[in-house]
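Subject: Structure handover

Hi,

Here is the structure you asked about. My notes follow below it.

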Amino acid sequence: MSYIGGTIKTRRAFIKQSAIAAGMLTLLHACGQSFRSWKSPLDPDAISNFRKSFSGHIILPSDSAYETARRVLAWNPETDKYPAIIAQCKNEQDVLRCIDFAHQHDLEVSVRSGNHSNLGWGTCENGIVIDLSKMKDITIDPLRQTAQVTTGNTAAEILAAASGYGLAPVLGQCGSVGSGLLLGGGLGWLSGLYGASCDNIISARIITEDARTLKTDESTNQDLFWAIRGGGGNFGVATSFEYKLHPISEVLAGSFIYPINKARSLLRFFGEFMSAAPDELQADFYLATQGKGSITVQFVYSGNLDKGERLLDAFRRFIAPEQDSVKRRNFSQVYNMSADGGMIPCPFDSDKGSYIEQLSDEVIDLILERFAQPPPSCGLVFNFSHYVHGEVCRVAPDATAFGLRKEGAVHLVSWVQWKDPANASVCIAWLNKTFELMQPYSGGHIYANFMSTRGEAASKSTFGANYPRLVQLKKKYDPQNFFHLNQNILPK
């Protein structure tokens, strides 16, 4: 998500509103990163033969669509890559052809659907991007209360299809997140009531590096089913999922907006409030520097609405918000909620996610200290997201590969956004330092879907006690580490 100037929107919406198409060329030239005019390193005949057997759309560096297609959402010098080929798949056969083509030509592989990786894993240098974002099929079974979806669907698209039946999936808090967020665990507005996204998966189809298409569920390829529920994209390309749906109709949802000078007292109260929150409530807390600075607290309450009104009135009584958009609305609208205010286009963005075991006074003091020292010419946001409580904590940490189920933990997303490419280094350096300062409060853990550092140590922090078992499964399903642009587990 992106938040500047009092408005919450998805990064995808943010980028669409940015002046990227025309302005990016000037910006990149200005920082010495002129667009490359190069031919694909692949043999033209090989590409021609690939096209003949491919149902989807192939994009090469020479194509007009390439500049847009190669970009990831967290767009900065560290994620600015030039793949040799972007393959927008239409079906599973296209995915199989991509894997075969990559093996034939010794190409690095990245896999993209929702494209929300902080580290830009949806692209690669001189390799092939297996782009699943065009694979959009959704089948709702209202009697069984399930959704069968292909991986290119977003949370908003799945919710839109399910809401017509008074049902909802347990997916992310951001509508443009892909359906595959369960690969990192997956937390959202309904996790207090119904657990993590990975706790709501019934089955999946996975294509492995040796071109096997495997169904996996509680009775078929059970070890793989355990691994994909939180183990990242290490084991193959997920092409479809079957999700449980839940009866959700009207909820209490919206935002409270406050002046920035209330930050310390509100953050402390937010921690106390959420520590006693019922399963039905989830909330996000945003600090933004844009303008004079602002605070937004966003709520979704999915239980008895009269009880919800009384609960949120307690928050109002602590400090009355300057703006209040909380109201009864259909759950189908939660991805459209936004506070009032204007969006300022910023073509560059860098994000880091930190796992916080407890929202202590020490953490609050550190965040406010960093917030008071923003890098020049950068928009800055801190987002306390996915407060961990309720049903997600009642699942054993080793029941799935997703083990971060500690009551009272919270995920902090820090990001900077800037217009001038000359500010990239100072903004990223500030962000990296902030991330480093937060690590003593993480208990040595990282949330897979917010992973912001690379390497074996980071993966061990991500998977914790589940890491040794995941290593064995990596050896079984991807012994050559063909799929490594992810929360990578070394097969050793």
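Threonine 216 sits in strand E11 (residues 213-217). Strands (E, at least two residues) and helices (H or I, at least four) are DSSP runs, numbered from the N terminus. This is a predicted model: local features need pLDDT of at least 70, side-chain atom pairs count only at pLDDT 80 or more, and totals for chains, interfaces and linings use all residues. Residues are numbered from 1 along each chain as its sequence is written, and side-chain values use heavy atoms, with hydrogens and water left out.

Threonine 216 is buried, at 0% relative accessible area. Buried means under 20%, exposed over 50%, and partly exposed in between (1.4 Å probe, protein chains only). The side chain of threonine 216 reaches the backbone oxygen of asparagine 221 at 3.0 Å. The side chain of threonine 216 also reaches the backbone nitrogen of phenylalanine 225, at 2.9 Å. A polar contact is a pair of N or O atoms within 3.5 Å; within protein, one must be able to donate a hydrogen and the other to accept it, and residues adjacent in sequence count only if both atoms are side-chain atoms. Contact here means heavy atoms within 4.5 Å.

Now the cysteines. How many disulfides are there? The count comes to 1 disulfide, defined as a pair of cysteine sulfur atoms within 2.5 Å. Cysteine 378 is joined to cysteine 427, S to S 1.6 Å. The two lie 49 residues apart and link distant parts of the chain: cysteine 378 is in strand E19 (residues 378-385), cysteine 427 in helix H12 (residues 424-438). Cysteine 378 is buried at 10% relative accessible area, and cysteine 427 is buried at 0%. Cysteine 124 is in no disulfide; the nearest cysteine sulfur, that of cysteine 98, is 11 Å away. Cysteine 124 is buried too, at 2%.

Last, the cores. A nonpolar core is a set of buried Ala, Val, Leu, Ile, Met, Phe, Trp, Tyr and Cys residues joined through side-chain atoms within 4.5 Å. The largest has 65 residues, and Phe331 and Val334 touch the most other members. Phenylalanine 331 touches Leu159, Trp189 and Ile248, among others, not counting residues up to four places away in sequence.

Best wishes
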